[in-house]
Amino acid sequence: MIKGKFPINKFNEIQTPFYYYDLDVLRKTLEEINTESQKSDFHVHYAMKANVNPSILAVIKDAGLGADCVSGGEVQAALDAGIPASKVVFAGVGKADWEINLGLENDIFCFNAESVPELEVINELAVAKGKTANVALRINPNVDAHTHHYITTGTNENKFGINMEDIDSVVDLIKTLTNVKLIGIHFHIGSQITDMTAFHNLCIRVNELQEQFLAKGVTLKNINVGGGLGINYEHPNHFPIPEFEAFFKVYRDHLNLLPGQTLHFELGRAVVAQCGTLISKVLYVKQGATKKFAILDAGFTDLIRPALYQAFHLIENISSELTTEAYDVVGPICESSDTFAKDFVLNQTKRGDLIALRSAGAYGEIMASQYNLRKLPKAYTSDELK
Ligand code: LLP
């Protein structure tokens, strides 16, 4: 097996578990995003929910991406990182008043509004501040993303967005709201999508909806199609950069933009997943009744994706070159779900070996918890450990 390249000597000096971010991988990924998106003047907002590590945000900001936020905390983190408010979009099905006010005070680019009561509150708060809020309607397009059901967001059974049947009445309502300006429509069908036909289907639906808005006499300045592009969790060493060319091409080829309209994206996972690795140490190797367990010092408090979504992360023993053997790779937390993988083939493993859990840059560190009163994992970058 080809393994990832890591500064193992430096790792040996650091308390595990910790996240390691390869900023060269991140920079290359961003270069590719910019090359492919700028072929058509597409605007990419980084979905902050994937990772808000300050070193990561600094590189993303330098690459010129905007930010997609889903909380006041994320709006603040984007602004603190130096991302201009004019590139900040703010989504979320339950925005609190203080969060809306934060967006208004900073004149963010757009609120992605998800319901009639939310539109009314945004208007009320904007009136109180003497501001006008730019709003895009998040529409539930009822397009199946064919991904894990926990991360499918754009079908009728999900809580997100405004139903297509309600669009006409919502547009009529917005016309009565003095301090809300409808500038666009917004979609997000799900995450870790690897089959491009899901995005193609979204394009078809957006084209239909554009007709509906035109028929209502509404011209939209921008279309935001969300994120969702998946990455290759099985082979991060062979495919460190996601398929941005194919992804943007689907939209270039199939989405009909009107003159002057801009197209916006909210990519999270595809930007940061492959640059991150959770580094952990083997505490014990234990022979069970029928199998061997490699017990790590990292658990689901550090990386919850396998426990929560049955997600696959490639696991490498980066200290061993011995012949291989199958292990259940587990954490120390007092729950059976604290299992990273079953029957996973690793180079023969012993106490003290370093284990890399790959493709953990997105929805890893940010979803960490202190359950069992464990410490939150620290994070280091390749620039720091050079
Ligand atoms: N825009 C909206 C409105 C979203 O809800 C999301 C993700 C994104 C953009 C970014 O999607 P991405 O490009 O990262 O697929 N914790 C889960 C993923 C949850 C995604 C939630 N929404 C996981 O670890 O797989």
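Q: How many salt bridges does a search of the whole structure find?
A: The search comes up with 18 salt bridges. The term stands for a side-chain nitrogen of Lys or Arg within 4 Å of a carboxyl oxygen of Asp or Glu. Keep in mind that this is a predicted model, where local features need pLDDT of at least 70, side-chain atom pairs count only at pLDDT 80 or more, and totals for chains, interfaces and linings use all residues. Residues are numbered from 1 along each chain as its sequence is written, and side-chain values use heavy atoms, with hydrogens and water left out.

Q: What makes Lys129 and Glu105 a salt bridge?
A: Their closest N and O atoms are 3.0 Å apart, and the cut-off is 4 Å, so the pair qualifies. Lys129 belongs to helix α6 (residues 116-129) and Glu105 to helix α5 (residues 97-105), so the bridge ties together parts that are 24 residues apart in sequence. Helices here are DSSP runs of H or I with at least four residues, strands are E runs of at least two, and both are numbered from the N terminus.

Q: Why is Lys129 called partly exposed?
A: Buried means under 20% relative accessible area, exposed means over 50%, and partly exposed is in between (1.4 Å probe, protein chains only). Lys129 has 32%, so partly exposed is the label. Glu105 gets that label too, because its value is 46%.

Q: How do you know whether Lys350 and Asp353 are buried or exposed?
A: Lys350 has 53% relative accessibility, so it counts as exposed. Asp353 has 2%, so it counts as buried. The side chains of Lys350 and Asp353 meet in a salt bridge at 2.9 Å, N to O.

Q: What about Arg374 and Asp302: which parts of the chain do they link?
A: Arg374 forms a salt bridge with Asp302, with the closest N and O atoms 2.9 Å apart. The pair links distant parts of the chain, 72 residues apart: Arg374 is in the loop between β16 (354-357) and β17 (378-381), and Asp302 in the loop between β12 (292-296) and α11 (305-309). Arg374 is at 18%, so it counts as buried, and Asp302 is at 1%, so it counts as buried.

Q: Why is Gln261 called buried?
A: Its relative accessible area is 8%, so buried is the word. Gln261 sits in the loop between α9 (244-254) and β10 (262-267).
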